[in-house]
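Trainee: I would like a close look at a single part of this protein. Could you walk me through it?
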Amino acid sequence: SGFNSIGHMDTMPRGKHQIGHCKEGEEFIQNVFHVLFHIFTGKEKSNLSICWLQYEISKVVQCLQAKKKKKLKAQGRKSKKLAKNFLKAPDNRNNLSLWKLYAYLEWLLSNTDDARKVFDTALCTAGTGGLKSAHLCSLSLLYAQLEVELLESVEGAVTSRAVHILTKLTENGPYVPYSGQVLPVNVLKARKTYEHALQDCLSKTLVSKEDEVSDADQLVNLVGCYALFQYLTVGIDAAVLIYTQTSEKLEASVPEKCEKTGQNSGIQNFPSALEAVTLLHTNLLRFHMKISVYPLNPLREALMEALKRYPSNQSLWRSYIHIQRKSHSASKARRFFDSVTRSTNSLEPWLFAIQAEQMRKKLTEKVQRGDVGEIHCTIPETGLTNRIVALFEHAVQSENGTHCPLLWRMYLNFMV
């Protein structure tokens, strides 16, 4: 969410404790938010509220990852209180972005029924913008994605709550909460509506030059909703088809746009839309592999293709490392990391290459040590150690690496 906490280093395990937000950094950030909150007004104040709530949610996620139940309870109470105070403000009552974050917070805290009530309330008060409203699309997409994650399999998903949400979005009428059934005729109508809306949105986005940021966001949300709808009602191949077709159209439009206008206006937003669509695509494939049998290759190919284009996208790298951990041959991944680091100045490929090797080293040592506890193995794994040191050396010699405190800290930590 764009927050880099002070003194907060995820990659540094300190004994059993994972270093979280340090006290001074946390106080500083809270002070900044409080001071700015009384200075800003109107739109800026709403945007600050959204940033503040995103920051609180990032702390909740951290507690969930560290499995700290007591801390999670306390953090949850604090974050909910803040969210409710924001929504009480007259300016924010109809702010769908804030409603969305509040519902997501409830969901993260495992209050699924409360989260559904918040989502339903937000959708009921949002009016009837349908697919033309970017905020409504974004809200419905998150709601549907969270519901899909609760499914054990895709069979019978046509009557699920997620399909109801995505179908209601196309009807342009007031939202009606889920009552346990979705009519087949409504599903057919919704599919046609999505198809036409996507064609319209693509032609409009690729031609207009006025408000490109909101157009790009709207396109991403629409593609996400349509692909998820197809996934639940037809299958994974239908969803993947939408992502690949959209990506092809966006790719084709970027160079043309720049040649015509003679400026970089299109460059900023279309790649960002393309990147977001790619992320949705890979996340859906990962989810599908989790709940059913599906080959790994389509996901690996999609990730490698995307990472060549967006070498600094951390979510894509995380997914790539996650799937590579399952394969016993490291050479393919190493060659790929090598080719990406040669072709870009981004530091992320170096950091993730190091992380991947460190994970491999940890795994090797775990296997060699067996159940004897912290006794160092008789045959030390020097090959991996040397490789990691070489990666660090190369990384700190790169232009960006020289000035990256995190990289130097990781190097020192490893040498110790």
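What is the volume of the second largest pocket?

Mentor: Happy to, and please keep in mind that this model is predicted. The second largest pocket has a volume of about 370 Å³. Its lining is made up of 16 residues, and Leu131, Lys132, Ala197, Asp200 and Gln218 are those nearest the pocket's centre. Two elements each give two or more residues to this lining, namely helix H8 (184-207) and H9. With seven residues, H8 gives the most.

The largest nonpolar core has 113 residues, and Tyr194, Leu228, Leu232, Tyr320 and Leu407 have the most contacts inside it. Helix H9 (residues 212-233) provides the largest share of this core, twelve residues. In general, nonpolar side chains tend to be buried together in soluble globular proteins.

Leaving aside residues up to four places away in sequence, Tyr320 touches Leu303, Met304, Leu307, Lys332, Ala333, Phe336 and Phe337. Leu407 belongs to helix H18 (residues 405-415), where Leu407, Met410, Tyr411 and Phe414 are buried. These four lie on the same side of H18, because they cover an arc of only 100° around the axis. An α-helix has 3.6 residues a turn, so residues three or four places apart point the same way. On the face of H18 turned away from the buried side, you will find the exposed residues Pro405 and Leu412.

How values were computed. Residues are numbered from 1 along each chain as its sequence is written. This is a predicted model: local features need pLDDT of at least 70, side-chain atom pairs count only at pLDDT 80 or more; totals for chains, interfaces and linings use all residues. Side-chain values use heavy atoms; hydrogens and water are left out. A nonpolar core is a set of buried Ala, Val, Leu, Ile, Met, Phe, Trp, Tyr and Cys residues joined through side-chain atoms within 4.5 Å. Buried means under 20% relative accessible area, exposed over 50%, partly exposed in between (1.4 Å probe, protein chains only). Contact means heavy atoms within 4.5 Å. The arc is that of the directions from the helix axis to the C-beta atoms. On a 1 Å grid over the protein atoms alone, a cavity is a set of points where a 1.4 Å probe fits but cannot get out, and a pocket is an open set with protein on both sides within 12 Å along at least five of seven lines; lining residues have an atom within 4 Å of a point. Grid points are joined across faces, edges and corners, and a volume is the space filled by probe spheres set on the points.
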